[in-house]
Structure formats: C-alpha cells, structure tokens
Amino acid sequence: MTAIRCINVCKTYHQGRDEIKALDHVDLAIDEGAFVCVSAPSGGGKTTLLNAIGGLDMPDSGEVWIGDTRIDQLNKGELAELRLRHIGFVFQAYNLIPVLTARENVEFVMEVRGVPSVERQKKSREILQEVGLEDLEGRRPAEMSGGQQQRVAVARAIVTDPSLVLADEPTANLDSKTSEGLMDLFAKLNKDHGTTFVISTHDRRVMAHARRLVKMLDGCIVEDIRQKGT
Amino acid sequence: MGITFRLAWRNLWRHPRRTWLTISAMIFSNAVLVFMMSLQLGTYELMIGNTLQFLTGHMQVQAPGFKDDMKMRQVVNDIDALAETLRDQLKLEDITPRSSGFALLSSDSRSYGAQILGVDPEYERRVSIIPSLVKQGRFLDTREAPEIVIGEVLARNLKADLGDEVTLLGSGRDGSFAAAVATVVGIFHSGITDLDRGIAEVPIGFFDDVFYMQGAGHSVVLITPGFWMIEPYKVRVEELIEDDVVVHDWDALQPGLKQAIQADLSGAMIIYTVLVILVAFSVMNTQLMSVLERTHEFGVVMSLGVKPARLGWLVILETTLMGLGGLCLGAAAGGLITLWFSYNGFSFPGMDQMAAQFNLPQRFFPQVTLLSLCLGPTIVFIGSLLSSGYPALRLFWLRPVEAMRTV
Amino acid sequence: MNTAGIVMRLAWRNLWRNYRRTIIMLMAISIGAWAMIFMIAMLRGMVGDMIRDGINALPGVVQVHHPDYRDDPSVENLITMPSGEIESVFKEAQIQYFSPRVRVPAIVTSERASRGVTLVGVDPAKESLIQAVGSNIGEGRNLESVDDSGVVIGHRLANKLETSVGKRIVLMSQDRNNEVVDRGYRVIGLFTAKLPAQEEMFVFSGRTVVQKMLGIGDAVSEVAVSGPDYKLVEPLVQEVRQIFNGSEEVLSWQELDEYLSAMMGIIDGFVFVWIVVIFLALSFGLVNTLVMAIFERVREIGLMLALGMRPASILSQIIVESVFLLLIGLAIGNVLAYVTMLMLPAGIDISDLADGMELMGASDVLHPTINVKDIIIVNTFVLFLGVLASLSPAWKASRYEPVEAITKV
C-alpha cells in the first residue's frame, strides 16, 4: 500500500531577483511503514519536499497524495485537519511551545483535537515513558537540553498514532551521541507502531539508519537507494 | 555624534510599525492637548473680557469693605474730583465714577427690586458696554435728569415702556427713606439674564439727589489700555489715592471668575497629566522592548569595549528622535485642527446655556497661539524622555557574557 | 473542536512571558481606567451637587405655576391654593411631598440698608420634609407654622442689612392692585446655605402672613412637588398634571433650569469623549504590545499552525491574551478608583475655589459619585474597544503561512 505519492511536483521560489527551483518535476512513491531518509545539501529541496508532503506548502504544479487523498487541492482548514489527524511533525528547532511543559506539549495536538483529558494524560505518560522522559514531564522547553526537547517533539509527533511522521533535519542541532539515540528511537517507533517515517537530513550517520535513501540535488531526485536491513 | 546618530536612526526603523505606533500615540495626545489648550486659553480670555466689559472694568477704587458688603454708607467722598484727578495723573480717559444702591422700582402695574447705578453718562460709555447695548430709546445724556435706563427683562417684568414713569423706593446713604420718579428713556439688552433683570442706571447727579450722597459715590471704575498693564496701573493708582479708599483689580472684584478658571484648569490638568502618563508608558514599553530584543547585540558591542553609558545615550537618542517626530507632527496636527475650528467655530449641544452662564458666545473660535501649540507637546516630549530612562538604565546592569548567551 | 482550554492556557502563560512589558501595559490600562472612573465620578459629583443644590434652593423637582408666572413672577400670576380635596388627591397619588408657596420679589429694609430679595411664604411643616434652603438654621429658630409672623433670613443678608435675630426689618412688595404694601417682621432665625447667593436672595416667612400682607387670599405662586429621586421626574410630572388638569403650567426641574439640564447633557457627552480620548491614548500602547508579542512568537505561531491548529484558534488566543490584559488592568483601575473614593469620604474641600464653583452653580465641597452605570459603561467600553483594537494584529497573526513563519529567524 502506498502511503505517499508525488507526481511531477514542481515548486519555484523567488529570492530577490533569483529564481530557485526547489522541486523540479519530482516523482516519488513511499510505501506504508517505510523508513525513508531524504538527503540533500543545503538548498537541495528536501525541506520543500517534506513541506509539500505535509501540506504545509502548495506545489506550483503536480499532484501530492497521502493515502487516497489528493492534498494539493485541499483548502487551509482541510489541510490543518489532515495534519492534525494523520501527520506528525518533528522540526529542526523551535519544535516546542515555550510556555507549555513537556507533557502539555505532547498533549497539544490531542487537546486541539478535543481528546478528553483522562485519555490525554494516559497516552502522553505512555509516550513520554517510551521516549525515556517520564521524569521530565513537568519541565518547560527552556529547562531541557536540545536532545530532550527533540524527544518531546518526537513524542508529540507519534502520540496521536499518525500514519506518517515527517522529520525535517531533526538532528541538526544535536551532538552525535544524542543524534544516534534519536535515530534509534525513530527506528524503534517505526518498528513498534508501523508508522511511516520520512526524515530529511544531510548527516551521514542518520542516513545509515534508513532502509531507503532518496538523494536530491537542485530540486531533482538524483538517486533512490533501497538499503537492506538495519 | 555621527555613528551614534546613524545607529539610532536605523534602529528606529527596524520595526517601522512599532515606531509608528509609538509616534502615533504622541501625535494623538499632542493633537488633543494643542486643541484643548487653545480652546481653554481662548475661552478664559473671552470669559474674562466679556465679564469685565459690562460693569466691572479692570479695577475699581472703593471704600474698604464695599466690595463685600456693598453698604450704602461705604462711600468714596468727592468722587467726581477723585475721578478727575486720576484721569489727569494717569493720562487715561477711561475712568468713571459710579454710585450704587438698591431700590424697589414700581411701574403702573408692577414692582420689582433692582440695583440702581448712578453713572456719569459721558465717561460710562468709555468703561462699560451697557450704554452701547441700549436697543430701544437712548442712553442717559445728562448728569442730572430724572431719567432711567433699565434692562430688557426688568422692563418686561415691570410692563414699562419708553416714556413711562417708574417710582424708585429705597433707603439713602444715611438710612433715611429715599423716593423719586424717573422716566424710562432706554432699555438695554445684554443677553446676561442677571443684568437684564436686575440693573437700572440713572444719572449720577440724580442719584446723588435721591439717595443723599452729598457728592460721594461708591466706586471709580478704570479700564487700562491693555490687559497686561493692569498691574502697573494699579500700583500708580495706589500711590494717587488717599488712605480711606482702596483699589481692587478685577480678580478681587470677580473672585468667582478667576476661581472658575482655576477650577476648570485643575480639572483639565488631570486630563493632561493622564494623557502624558499614558504616552510615557507607551514609550517606555517600546524602548524596553527594543532594549530587550537587542540584549545579545548590546552584549557583543559591550564585550568590544563600548561603555554602557554610550548605549544608554543611544536609547535616549532614539527616544529623542521619536519624540521630536511626535512633537512636530502632533503640534502640526493639533494646530491644523485648531485652525480649522478657528475659522468654522466650535460648539457642542447644550453649549448655549453654558455659554450664557459664563458670558461666552455660542460658538467658540479657538485661536492657535505659540503657548497652546508648544506647551502640551513639549511636556509630552519631556515625559517620553524621562520614561526611556528606565530601559536606558537597565543597560548598566547588563553583563556582556550573559547578554551574548541570550538569543 | 474544543480548544477553549488550551487557548486560554496559552494566552494566560504568554501574558506573563515578558512580565515587564505586561506590567507596564497593566499600569497604563489601570491608570487609564482609574482616570476614567475618577474623573467621571468627580463630574457626576459636581453636577449631582449642582442639581441637588439647585433644586433645594427652593425644592421641588416638579413645580406648578400660573402659565405667565415664569415670565412675570409677580403677584398677579397666582394659582389657587390646592384645597383639602387636592391634598387627599396628592396622598392618594402617593406623592411624598408637596408644598404651596407664595414667592414674590420684595425689597427688604433695615435701619441701615435696603436689598432686593425674594420673599417666600412657606408652610414650615411641609417644607421641612425636605432638606431645603432655610431649613439649616444656624442661629435663632425656624418658622413654626403657616401663620408664623417672624422671618428667617440668610446670614449674609443679615450681615449686609446689619441686622440680627430679634431685630425688625421691613419688607416691601406690591399687592394685586399694584399698591406698594409693606409690613414689619421680626427676624427669628438666620439660615446658612451652601451657595452664598442663596443666603442673600431668600427671605422666608409664614405663608398665610405673606398672603395677608399681599391681600391675595388663598392664592399661591407655586406648588412644589418632590418624588423619591430627582432623576425619575417624568412620571411625577404626568401625575401632577393629572391632579391639576387645568390651566396651570406643570414643569420639571429640567425645564425650569435650562443651565442645569444643559450641564447634565454636557457631562454625559463629556463622559463619552473622555472615555474615547483616554482609550485612544491607551490603544496605541495596547496594539503595540500585541504587535510585539506576536512578532516575538512568529515561529511558535507557525509551529501551532503546522501542527494543525486552526487560524481561528490563533486569532482567539491573541484576543484572549488581550482580554486578560484588559481585564486585569481594568480590575486594578476599578479598585484604585474605589480606594481613591474611600480616601475622600467627606468629599473634596475646594473652598479655595468656592466663588468660582458658585459661578458654575456648584458648592465648595465635591462629593465624587460613583455610578454603577458609569462603571459598567467604562469597563464594557474599554473591553469592547480593546478587543476591536486587537483584531488587526490578531488577524494578521492567524494569517501567517506556517512554513514562512516557522523558518523565520
């Protein structure tokens, strides 16, 4: 079953007078339960691709499908709903809402979705335990290290059981040991929950964890490697 | 100067919206202040001028105590001679003697009490506008004739018309019974109900006969050539008069007037103060924000060796630039609004009644003066500068290393 | 979607993130609210005193006259005394207080001086039911009955006439045939009044005595009627009109004293202008604070949008934050105003400005009056306008594109 399908997707940015082709006729299909790394140098189009898949950004042309839904034609409200119900996000930085504690951050999406508080608490505790942060649930982001913050972000991304988690350079601000730990966590969650993971990175060690590696350059997919085992 | 100034200027436009909002607060308050002050100062001048022109004049020479008690026997002896002396010595013609008493005026069908003023027809015209307000008939023209000029409301109440005779009944200077008959020769209309209802004027010689004044009168009224010359003239008059009489200037004669102005002014002061404080808070907030968001930047330059005082001045300079913008634009806006009203007039519902109470016209024409244009905006400017002191002072507590760590 | 809880929590916590800014803004709002309430209370107090004093000068929020009396307040324009029958009608209409009076211009003469005054013949039993001028006797005694032949005059008038309690004065007026009539009276009491002019203007005596002197039989100049509240006068006017239903003119104090009622209108207008001016001065700071707050939080707002929060929730989050700010500021302002009032229990003595206040018709002690209606108006108005002013920055924040917002450095 295909989780994501991009057909002939194009996206052009204007930076000053220059035109930047962030996505240049990209075709990509990702299966359910996959663990995919998208790698590219800076400006290679990986963030744009993730944003297009996550419904954060509209492609100029082409089609983006999540499961059976073509999302590039949805309106803002429908996109918000899609993100809320089916997609978990982990960003490079500023992942958490500073005024909320770790647990409140994890519960944020559920709360917006209107999940009753008892269920929220139960789930968020479980997930925080799963990512190894059960002792820090009352801390605010400013009181946690970068790695802890990213773990909270991961917990938030998967707590609603999304079918897809998009992580845009989640390890960019972390040291190598913490990065390893985070990638192990991704892999474990991918295995335990069967969630599709798409991770963008330019870190080789991160790429090593992926079962499939999509390499991009100047908005085009230049290589699509399926690695065996992990 | 050069680099600091350029820095301050550029910093202001990092957040154009914030800067404009802060300047707008100044412009708004300044415009309100300019308009209100112009209106107020103009109104006060009108109130004073309009009130004094009827009877009070700029100053009066009276017997001590007459101002408060107005007793018939508190007289100025030989009042004509005194008036003449003052005219000679001061080289001022706008000086008139006056006598005053209360009497019951009776026409054929009605009787009313009124204040009777004995006036010198020749000089009264120079001091009071009542002679020029005679709408029917004429003003008095001799010093002796048994003639009387009365207010419009009094005439209506008495059902008296030109040519009718009215009887005066009262008590004379010595407390004896005083009675006379006078012919109505004029009816004046001042628009001030109290005057129109309660004042009657007769020739001073006739008054003397009826009330046994024996050459005495109650007050010598002076008008000086200009409002600002009252004080020097008062000093001169004090030198010229004997010890048994005193001179009072207008605010002693009309204490209510000055105090009404003071009462109004103190109410207005609250308004002005609150406006200035609100602007000051707005500025303080803006400057505090701009200091806080530059903590990192300030940390960097301080570690390069720039002294906190210099950065403090930068903040003050930024405020000064904003303040000057607010000052000029606000004064201009307020000036233009006032100018528009100074041509078109300003009024509000219910103003007729209020205006009548304070001897004011029914439309105000506020005048832009240098004082009203500059006073408010300058205070707002100073308030803004003071309020930026707190953010500027905070810089002295800034530690470069910690500052650089904040994002 | 039930997001109210999280929206409130976010708004509340965000409010205290930059506590210095919030405190400065709170100070501004509370000073603004304080100034609004305090100034309005002062104005209301002044006008309230003016009206009470004005009405009390010769009390009666509704007065009945001969149609020509007001233009020509002479002895010719009288109305027939309400007889026993009318008295019972008044009782039946539950009108608390009514008093027939004779009120004519007169000249008072002592051994020393003459003055023009208003001679008022009253029924002390009826007048004393209300705090009237002349009821505040500083020296001597008050009138005792309708046929009391003494007079009560003001302190200041006594001064000017150089007379005192126990001495005789002569009052001159005219009768219906326009013959000058006079009568000697003994001064039995001196009254004090808030407004000095009233002390010089009125001379009170027993009604029947004055009627006899003027030879007018039972007729009176006016009937004054009072209800429980000087503001609720229209129904009273209607009732009194029904009682008289004749040629008499029945007028409320608003119609009788145009200056006072004009002042009421001006004050209402001023209250409105004052609220708007203060609010506008505040609003720049308020909008500025919100713009700054949003500017600092662009990335978070982007994050929340990216996670699927609806723009409407972002909008309401900003609005709620502004509402919190306004509510706290208003609460402090209200308390401040209330405390200020408590600290001035006996009123503000401004006797230094007494003559000026008299010119305005007000007395020399101000009693600030907090009006529940004014409080409600001030608070709802500020809240409403505050939300209105917050709409633009809040709307802008909710329109952010998540990607641009989140990548903004």
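Reader: How many residues lie between β1(A) and β2(A) in the hairpin that they form?

Author: This is a predicted model, and in it two residues lie between β1(A) and β2(A) in their hairpin. One feature of the turn is A:Gly16, which has a positive phi of about 60°.

Reader: How should I read the pairing of β1(A) and β2(A), and over how many bridges does it extend?

Author: Strands of a sheet pair through backbone hydrogen bonds, and the pairing may be parallel or antiparallel. Here β1(A) and β2(A) are joined by ten bridges in the antiparallel sense. As an example of residues facing each other, A:Thr12 is found opposite A:Lys21 of β2(A).

Reader: In what order do the four strands of the open sheet in chain A stand?

Author: The order is β2-β1-β4-β5, and the pairing is antiparallel. The strands at the edges, β2 (18-31) and β5 (69-70) of chain A, each pair on one side only.

Reader: How many bridges join β4 to β5 in chain A?

Author: Strand β4, residues 61-66 of chain A, is joined to β5(A) by two bridges, and these strands run antiparallel. A:Ile66 has A:Thr69 of β5(A) as its bridge partner.

Reader: Which strands does helix α1 of chain A lie across?

Author: Helix α1, residues 46-53 of chain A, lies across β1 (2-15), β2 and β4 of that chain.

Reader: How many of the eight residues of α1(A) are buried?

Author: In the present case the helix is mostly covered, with seven of its eight residues buried. Among them are A:Leu49, A:Leu50 and A:Ile53; A:Lys46 and A:Asn51 are also buried. After α1(A) comes A:Gly55, with a positive phi near 75°.

Reader: Turning to chain B, how many helices and strands are there?

Author: Chain B has 17 helices and ten strands. Its C-alpha atoms fill a box of roughly 100 × 45 × 30 Å along the principal axes. The radius of gyration of chain B is 31 Å, whereas a compact globule of 407 residues would have one near 22 Å.

Reader: What percentage of the residues of chain B count as buried?

Author: The share is 56% of the 407 residues. The accessible surface of chain B is about 17,400 Å², and 60% of that surface belongs to carbon and sulfur atoms.

Reader: Is B:Asp120 buried or exposed, and why?

Author: A residue counts as buried when its relative accessible area is under 20%. B:Asp120 has 6% relative accessibility and therefore counts as buried. This residue is placed in the loop between β3 (111-119) and α5 (121-127) of chain B. Leaving aside residues up to four places away in sequence, B:Asp120 touches B:Thr96, B:Pro97, B:Arg143 and B:Ile204.

Reader: Which chains share the most contacts?

Author: Of the two pairs of chains in contact, that pair is chains B and C. Chain B contributes 66 residues to the contact and chain C contributes 65 residues. About 5,500 Å² is buried between chain B and chain C, with 66% of this area given by carbon and sulfur atoms. B:Arg17, B:Leu278 and B:Phe281 supply 11% of the area that chain B buries against chain C, more than any other three residues.

Reader: How far apart are the closest C-alpha atoms of chain A and chain B?

Author: They lie 12 Å apart, and no contact joins chain A and chain B.

Note on methods:
Residues are numbered from 1 along each chain as its sequence is written. Chains are lettered from A and ligands numbered from 1 in the order in which they are written. This is a predicted model: local features need pLDDT of at least 70, side-chain atom pairs count only at pLDDT 80 or more; totals for chains, interfaces and linings use all residues. Side-chain values use heavy atoms; hydrogens and water are left out. Two strands pair if DSSP finds at least two bridges between them. Contact means heavy atoms within 4.5 Å. Axes are lines fitted to C-alpha atoms, for helices over the stretch in contact, and angles run from 0 to 180 degrees between N-to-C directions. The radius of gyration is taken over C-alpha atoms; the globule rule is 2.2 Å times the number of residues to the power 0.38. Buried means under 20% relative accessible area, exposed over 50%, partly exposed in between (1.4 Å probe, protein chains only). Accessible areas come from the Shrake-Rupley method with a 1.4 Å probe; for residues, only the protein chains shown count as cover. Buried area is the accessible area (1.4 Å probe) that two parts lose on being put together, summed over both.
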